[in-house]
Amino acid sequence: MIELENISFDHCLKCTVCTVYCPVAKATPLFPGPKQSGPDAERLRIKNPELVDDSLKYCSNCKRCETACPSDVRIADIIQAAKWTYWRRRTRPRDFLLAHTDLMGFWGTALAGLVNRAAGAGVVRYLLDIFVKIPKERPFPKYSTSTFKRWFRDHGPDPSVHPDQAVYFHGCYVNYQNPGLGRDVVDVLAALGVGVRITNEKCCGVPLIANGYLDRARKHARHNIEGLARAADQAGGPIVTASSTCAYALMYEYPGILRQDNRAIADRIQYLTRFLAPRLADRPDVLKTPVPLKVAYHAPCHLARMGGVVDTVEVLRRIPGLDPRLLHSECCGISGTYGFKKELYPIAQDVGADLKEKILAVKPDLVVTDCETCAWQIEFLTGLRVVHPVTLLAWSVRGGASSPV
Amino acid sequence: MKTIETQVAIIGGGVTGAGTLRDLALRGIPAVLVEKGDLASGTSGRNHGLLHSGSRYAVGDPESARECIAESRVLKVIARHTVEDTGGLFVTLPGDDPGYADRLIRAGRDTGIEIEEIPVSKALRMEPHLNPAITRALLAPDATIDPFRLTMANVLSAVEHGQQALTHVEATSLIREGDRVAGILCRDRKTGERFAIRSRMVVNAAGIWGRRVCQMANLDLAMHPSKGSMLIIDYRVNRVVINRSRPASDGDIIVPGDTVSLLGTTSRTVDYDAIDDLRVDDDEIDVLLKDAENLIPRISRTRALRAYAGVRPLLAASEGKDGREISRGLVLIDHETRDGLAGLVTMAGGKLTTYRLMAEKLADYVAERLGVNRPCETRQAPLPGSEKPVPIRRTSKKFTGVSESVVGSTHYRHGERVHQVLGGEKANFALVCECEMVTAGEVRYAIKTLGARDLIDLRRRTRLGMGPCQGGLCAYRAAGLMEELGAVDADTALTMLAEFLEERYKGVRPVLWGDGMREMEFIYWLYEGLFGLGAGDGSQTETQAPERDVP
Ligand SMILES: Cc1cc2nc3c(=O)[nH]c(=O)nc-3n(C[C@H](O)[C@H](O)[C@H](O)COP(=O)(O)OP(=O)(O)OC[C@H]3O[C@@H](n4cnc5c(N)ncnc54)[C@H](O)[C@@H]3O)c2cc1C
Ligand code: SF4
Ligand code: SF4
């Protein structure tokens with residue numbers, strides 16, 4: 001049954017483990033931490049909604065607290081829901097822009113040359129900093145000149161030549177900023193005999209949730225649930241996604257904070273490496289070209305929350321020649337749109353400082369992570385190139401020229 | 001022996017005694033109150049905290065109903081920071097006599113209580129978790145009142161007018177001079193010190209224990225202790241008081257109180273000798289849970305925090321008529337007229353809601369005997385903290401560097417006194433109890449201004465330890481702080497901690513299942529495993545660590 005209300009706070013033992021694991025509480029005294037902001041304060045908010053704390057804004061929704069909690073309290077959900085239920089809404093143009101990744105993506109790709117140049121220009125950044133409160137230090141991810149959707153429509157391989165098929169939820173990042181990663185996914189799956197279909201998907205909703213556009217996020221959720229379910233029926237296969245955050249949203253944010261019935265797809269969604277791990281175990285031969293690189297692997301918080309880190313690690317270990325170094329789990333700090341907000345930017349950078357040190361200590365050739373926003377943050381923090389695990393797989397599958405080695 | 005001279009000695013620091021101390025203060029009559037435990041540790045701290053509109057009595061006891069509606073209107077103003085004007089619903093469940101609602105509406109008209117029928121759909125909107133099967137709903141002007149803070153505020157007001165309130169001090173006997181009472185002999189239960197209070201009048205406001213006070217003067221007072229058990233639920237499952245629309249019986253009320261909801265109650269006759277050691281029986285818990293679930297189905301999925309029982313101080317109105325003539329109304333017993341013993345007056349019966357009226361009657365009586373003719377002022381004079389209504393949001397803006405939820409909770413508890421509690425040093429903002437947002441400043445205030453002498457006292461003044469962990473995570477911090485503030489020495493702090501845990505365990509034991517059980521295991525591990533409280537080093541705390549009995 002769909003739970004209409006999150007009363008998991010009732011199970012809290014007050015053990016405080018969540019607060020120990022919260023990267024934001026560690027970085028700033030302004031945030032009292034998940035225990036106090038979540039289960040503790042929820043009882044007070046139920047008593048009187050006026051008791052809602054302004055400090056909830058510091059929670060980055062990284063969900064590390066939930067991963068740590070022994071009582072399965074959905075702390076981050078409680079905090080997110082409290083923000084948007086009890087706060088008086090104040091809309092900011094910036095939050096609107098950051099939230100609507102698909103809208104931004106549409107114009108960003110249409111006007112890629114202009115937008116990318118403007119986003120890099122000092123004056124523009126200065127103005128954005130002052131008026132829109134997007135910190136000038138934070139580099140913008142570049143928009144691609146064409147979308148993944150368009151490429152797939154025009155050049156996508158016919159899925160029916162393969163014995164199995166999967167529906168691929170590519171997400172906004174692949175569509176507007178990194179279609180190459182989408183092609184990597186298609187290639188790796190094809191090598192394993194899996195044909196790819198896509199749907200007319202909308203943004204999974206995570207940036208909308210983070211910025212308080214819950215109604216719009218719900219609309220997206222309903223659209224995606226319906227479209228993906230239909231496509232999965234036709235394909236007779238699973239739904240995969242290579243974005244850990246999109247995967248988390250489809251599986252957990254929909255029935256959780258968005259209260260949408262996702263049973264039509266819930267059992268069929270898999271984060272890509274979970275889908276790949278057993279298949280690569282059966283067919284190690286597809287990874288034909290060695291990738292002789294030392295890479296530092298950063299596990300994104302949302303993947304950890306889903307228990308998906310083991311799969312990615314297993315997949316990386318199968319790549320011949322690769323020397324993957326697992327980093328001690330830390331939050332990178334950016335948490336999606338969080339690190340793009342001027343007032344939160346210093347916290348995001350403080351949170352990321354530990355990770356930066358750990359990465360530099362490994363002296364890797366490349367950094368690997370499953371999450372696009374983690375990748376931006378790590379590139380910014382360390383100056384190193386960051387790639388998705390699937391890109392490494394694609395190099396090994398395709399061999400030759402596509403690899404940077 | 002030390003002797004305190006005063007005009008009036010009051011025995012009992014329940015709400016009646018506290019109210020009387022204040023009433024006398026406002027009339028300029030010096031008085032000293034003694035309480036054998038803590039303020040509101042008797043029946044005053046063991047009830048539902050319902051500010052009766054009188055609706056529950058309207059059908060059967062119109063006299064009490066009229067008192068309640070009049071007094072509740074007064075308290076909603078003079079004690080506004082301890083009152084929440086929630087409103088109350090009387091709901092008819094399928095199978096209940098639907099005619100009772102009609103009788104109730106009629107009785108409301110007769111007694112002047114605004115009881116109106118509302119559509120079931122409206123009731124469900126007001127109270128979303130209510131059983132959707134209800135067939136009728138009446139709305140009544142019920143409210144909730146915090147008995148601890150009400151009692152404290154009365155004492156605080158009195159003390160600020162120069163009265164004395166001595167807690168943990170027991171009246172052991174009466175000083176008699178011929179056929180009049182001239183004071184009391186006392187013993188401080190914390191220090192063992194004995195002393196006398198000489199006064200022209202002694203007020204017996206000892207509630208159910210009033211019979212024992214009378215026995216000190218070889219007088220008899222027939223009392224019929226009737227035990228009522230209640231259960232506290234982790235969070236507020238309801239916003240308004242929910243009553244079952246039927247003649248009073250077990251398990252027919254759910255009261256939202258501060259951060260929790262309270263399920264009430266049962267009614268069982270107990271031996272008079274059992275009043276000092278009340279236990280909640282397992283079958284009472286079953287009754288309370290089952291009946292409450294009929295009203296709010298989700299109760300069964302909510303964590304129960306603790307259970308406790310109180311005794312109704314009912315008096316046989318005319319003796320000899322086998323208990324049925326029991327009065328819930330308030331009764332002033334003039335021992336001079338009744339027993340030929342001057343200088344002693346007993347107040348019995350009544351309710352939390354009518355405490356002010358009882359205090360007024362007592363003070364009227366006392367003032368007349370002492371030849372003072374100043375009228376009662378408590379009908380108008382607001383209690384400390386209740387001077388004027390201030391919205392929480394406005395208070396929150398006055399403090400920076402501390403969460404809105406902390407300021408708001410403090411404001412809720414202390415009204416306008418929030419500025420004394422949190423003002424001054426930033427160190428006051430440090431949180432001690434995170435479930436109920438009790439700060440170091442509040443602990444200090446409770447000790448210095450509200451006279452807390454141990455952790456259990458602290459709980460009554462602040463709600464420290466009343467949340468889901470029941471003090472497990474804050475008791476040791478508070479004990480340390482009390483030692484730092486010079487309220488207790490280090491050894492006492494440890495004993496106090498053990499006593500607190502023991503008290504906690506008593507309350508939690510009847511509801512040990514599910515999450516409550518996990519919590520108990522965790523706290524047990526924390527104190528015994530991590531802190532070594534009760535470690536086998538022969539320390540006094542060893543045998544007292546209550547978690548040892550966890551099955
Ligand atoms: C289960 C239950 C539910 C109730 N619910 C409500 C409700 O919702 N609303 C409402 O209005 N009323 C309610 N009542 C009634 C209400 O609680 C009592 O009427 C009221 O609290 C009585 O206060 P009191 O001061 O007279 O007595 P108490 O609070 O009992 O005060 C007497 C005090 O005297 C002290 N004492 C005794 N002997 C000595 C001594 N020798 N020396 C020094 N001190 C001594 C005791 O320690 C005690 O603290 C309820 C009662 C019960 C039992
Ligand atoms: S989601 Fe992340 S930032 Fe928010 S409370 Fe949990 S651990 Fe802290
Ligand atoms: S980790 Fe879970 S159980 Fe422990 S305090 Fe946090 S929310 Fe409560």
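Here are some quick notes on the ligand site and the chain interface in this predicted model.

1. Start with who is around the ligand. Ligand 1 has 34 surrounding residues, and the closest are B:Thr16, B:Glu35, B:Ser44, B:Leu50 and B:Thr353.

2. Now the polar contacts, if you want some pairs to look at. B:Val15 has a polar backbone atom 3.1 Å from an oxygen atom of ligand 1. B:Lys36 also uses a polar backbone atom, here 3.0 Å from a nitrogen atom of the ligand. With B:His48 it's the side chain: one of its N or O atoms sits 3.2 Å from a ligand nitrogen. As for exposure, ligand 1 taken alone shows 1000 Å², and the protein buries 96% of that.

3. On secondary structure, several elements of chain B each put at least two residues into the shell around ligand 1: helix 1 (15–26), strand 3 (31–35), strand 11 (169–177), strand 15 (223–233) and strand 20 (304–316).

4. Where does ligand 1 lie relative to domain 1 and domain 2 of chain B? It lies between them, because domain 1 (2–43 + 148–222 + 328–370) and domain 2 (83–143 + 224–315) both give residues to its shell.

5. Last, the protein–protein side. Chain A brings 28 residues into contact with 33 residues of chain B. About 2700 Å² is buried between the two chains, with carbon and sulfur atoms giving 49% of it. Within chain A, the residues losing the most area to chain B are A:Asp10, A:Arg43 and A:Lys47, which together make up 27% of what that side buries.

Technical notes:
Residues are numbered from 1 along each chain as its sequence is written. Chains are lettered from A and ligands numbered from 1 in the order in which they are written. This is a predicted model: local features need pLDDT of at least 70, side-chain atom pairs count only at pLDDT 80 or more; totals for chains, interfaces and linings use all residues. Side-chain values use heavy atoms; hydrogens and water are left out. A residue is near a molecule or strand if one of its heavy atoms lies within 4 Å of it. A polar contact is a pair of N or O atoms within 3.5 Å; within protein, one must be able to donate a hydrogen and the other to accept it, and residues adjacent in sequence count only if both atoms are side-chain atoms. Accessible areas come from the Shrake-Rupley method with a 1.4 Å probe; for residues, only the protein chains shown count as cover. Helices (H or I, at least four residues) and strands (E, at least two) are DSSP runs, numbered from the N terminus. Domain bounds come from an automatic or database domain assignment. Contact means heavy atoms within 4.5 Å. Buried area is the accessible area (1.4 Å probe) that two parts lose on being put together, summed over both.
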